[in-house]
Amino acid sequence: MVQVVFSPKWFWGKDIFIDSIALLVLLCIAIFATKYYRIKKSRNYLYLALSFYLIALSFFSKILINFTIYFQVLHTQMIGSIEYTQVILKSSEILAVSGLFFYRLFTLLGLFVLYSIYEKQSKANIILMIYFIIVSIFFSKEEYYIFYLTGFILLGIISNRYYQNYRKNKESTSGMLAASFSVIALSQIFFMFVNFTKHFYVVGEAIQLIGYIGLLAAFVTVLKHGREKNKNRYHR
Amino acid sequence: MEGKRTRIDIIGDMLSSIVGKGGQIKPTHLMYKSNMSHGQMKTYIDDLVGKELIKKVKKGNYDYVIMTDKGHEFLQKLREMKEFEKAFGL
């Protein structure tokens with residue numbers, strides 16, 4: 001059976017709340033990137049918006065799966081003295097499994113699009129990478145950690161790119177962005193070890209929340225800097 | 001060295017120059033401050049007037065270019081965008 005529930009029972013609902021915050025942060029950035037694309041017509045803005053929309057969509061899929069499972073199809077069974085939650089996917093099985101597939105697909109595609117902004121790809125590379133992403137998602141059905149490992153690698157490269165950008169321009173917002181993505185990358189490590197104990201899922205979600213709050217803080221700071229009135233020049 | 005300015009960069013420089021002069025500027029000064037040729041500036045001014053970002057007015061013997069509220073809002077968006085570009089390294 002495909003594992004679709006990683007959260008301990010006491011954490012149900014709380015993870016949905018955390019993922020909803022991530023979804024809102026991602027949507028905010030995507031909407032602003034779309035707005036800027038309309039002004040500047042730069043492909044980089046288009047890809048940035050696309051990547052954030054894809055990752056937001058992945059969180060939406062995850063929220064939908066978790067909501068369906070937590071509140072509709074989970075049953076608790078007693079075996080011996082150990083109580084554990086067994087996932088019984090009845091009519092919602094197709095929804096949960098396909099939802100999980102789309103969650104993983106949109107996450108990795110989104111991260112790849114974001115990565116492609118900074119590392120220009122040939123058409124052949126794009127096809128190859130999409131193939132590898134789909135393969136890694138299929139393997140993740142049995143070995144779920146492959147998905148988090150792939151996510152960790154992509155997030156690690158993106159974080160490093162933002163760190164290099166920070167070293168170059170010394171802008172506080174670039175530093176905040178690099179730190180936020182590094183924290184989100186770190187959360188993937190905890191998700192990788194969820195099978196050892198479900199508490200890793202809780203830690204992973206908490207770290208991820210810190211990462212997305214950092215991302216929101218970076219975004220708000222960007223807007224604040226842009227709205228400062230005492231700039232005489234458009235170019236600094 | 002900065003690369004070639006894009007159209008949106010030039011508009012940003014023009015609007016910023018007007019704001020730097022308190023919201024109104026003589027076209028000649030705008031031309032120098034924005035590093036543009038006369039022909040280039042004329043095209044841009046006509047474009048920005050058409051988009052209601054600036055207005056052309058006559059005060060005494062002189063022509064002035066004045067920033068509109070819409071122009072102020074647009075300049076703010078451009079500044080936000082510039083910060084966004086710097087932060088994301090776009």
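Guide: Chain A has a mean pLDDT of 87, with 86% of its residues at 70 or more. Within chain A, residues 77-81 fall below 50, and in the model this stretch makes three contacts beyond its near neighbours in sequence. Where pLDDT is low, the predicted coordinates should not be read in detail. For chain B the average pLDDT is 89, and 97% of the residues score at least 70. The lowest confidence in chain B belongs to β1(B), with a mean of 89, and the highest to helix α4 (residues 69-88) of chain B, with 92. The model as a whole is scored at ipTM 0.80 and pTM 0.86.

The three strands form an open sheet in the order β1-β3-β2 (chain B), and the pairing is antiparallel. At the edges lie β1 (24-25) and β2 (54-59) of chain B, each of which pairs on one side only.

Consider the β1 side of the sheet. β1(B) pairs with strand β3 (residues 62-67) of chain B in the antiparallel sense, and two bridges join them. Here B:Ile25 has B:Val65 of β3(B) as its bridge partner. On the β2 side, β2(B) and β3(B) are also antiparallel, and their pairing extends over six bridges. Here the bridge partner of B:Val57 is B:Tyr64 of β3(B). β2(B) and β3(B) form a hairpin with two residues between the strands, and in this hairpin B:Gly60 adopts a positive phi near 65°.

Two helices of chain B lie across these strands. Helix α1 (residues 7-20) of chain B lies across β1, β2 and β3 of chain B, and the angle to β3(B) is about 105°. Helix α3 (residues 38-50) of chain B lies across β2 and β3 of chain B, and runs at about 105° to β2(B).

The sheet may now be set within the whole of chain B. The C-alpha trace of the chain spans about 45 × 25 × 20 Å along its principal axes. The radius of gyration of chain B is 13 Å, in agreement with the value near 12 Å that a compact globule of 90 residues would have. Buried residues make up 36% of the 90 residues of chain B. Of the contacts in chain B with a separation of 6 or more, 46% are between residues 24 or more positions apart.

Chain B also meets a partner, for 19 residues of chain B are in contact with 26 residues of chain A. On the chain A side, the elements that give two or more residues are α1 (14-40), α2 (43-73), α5 (145-169), α6 (172-192) and α7 (199-227) of chain A. The most is given by α7(A), with six residues. By residue class, the side of chain A that touches chain B has 12 nonpolar, nine polar and five charged residues.

The partner has an architecture of its own. Chain A comprises seven helices and two strands, which follow one another from the N terminus as α-α-β-β-α-α-α-α-α. Of the 236 residues in chain A, 40% are buried. Among its contacts between residues at least 6 apart in sequence, 70% join residues at least 24 apart.

Is A:Ser159 buried or exposed? A residue counts as buried if 20 or more other C-beta atoms lie within 10 Å of its own; A:Ser159 has 21 such neighbours inside 10 Å, and therefore counts as buried. Leaving aside residues up to four places away in sequence, A:Ser159 touches A:Ala178, A:Phe181, A:Ser182 and A:Ala185. A:Ser180 is 21 residues from A:Ser159 in sequence, and the C-alpha atoms of the two are 8.1 Å apart in space.

Notes
Residues are numbered from 1 along each chain as its sequence is written. Chains are lettered from A and ligands numbered from 1 in the order in which they are written. This is a predicted model: local features need pLDDT of at least 70, side-chain atom pairs count only at pLDDT 80 or more; totals for chains, interfaces and linings use all residues. The radius of gyration is taken over C-alpha atoms; the globule rule is 2.2 Å times the number of residues to the power 0.38. A residue is buried if 20 or more other C-beta atoms lie within 10 Å of its own, exposed if 12 or fewer, and partly exposed in between; C-beta atoms are placed from the backbone. Two residues are in contact if their C-beta atoms, placed from the backbone, lie within 7 Å. Helices (H or I, at least four residues) and strands (E, at least two) are DSSP runs, numbered from the N terminus. Ala, Val, Leu, Ile, Met, Phe, Trp, Tyr, Cys and Pro count as nonpolar, Asp, Glu, Lys and Arg as charged, and the others, Gly among them, as polar. pLDDT is the predictor's confidence in each residue, from 0 to 100. Two strands pair if DSSP finds at least two bridges between them. Axes are lines fitted to C-alpha atoms, for helices over the stretch in contact, and angles run from 0 to 180 degrees between N-to-C directions.
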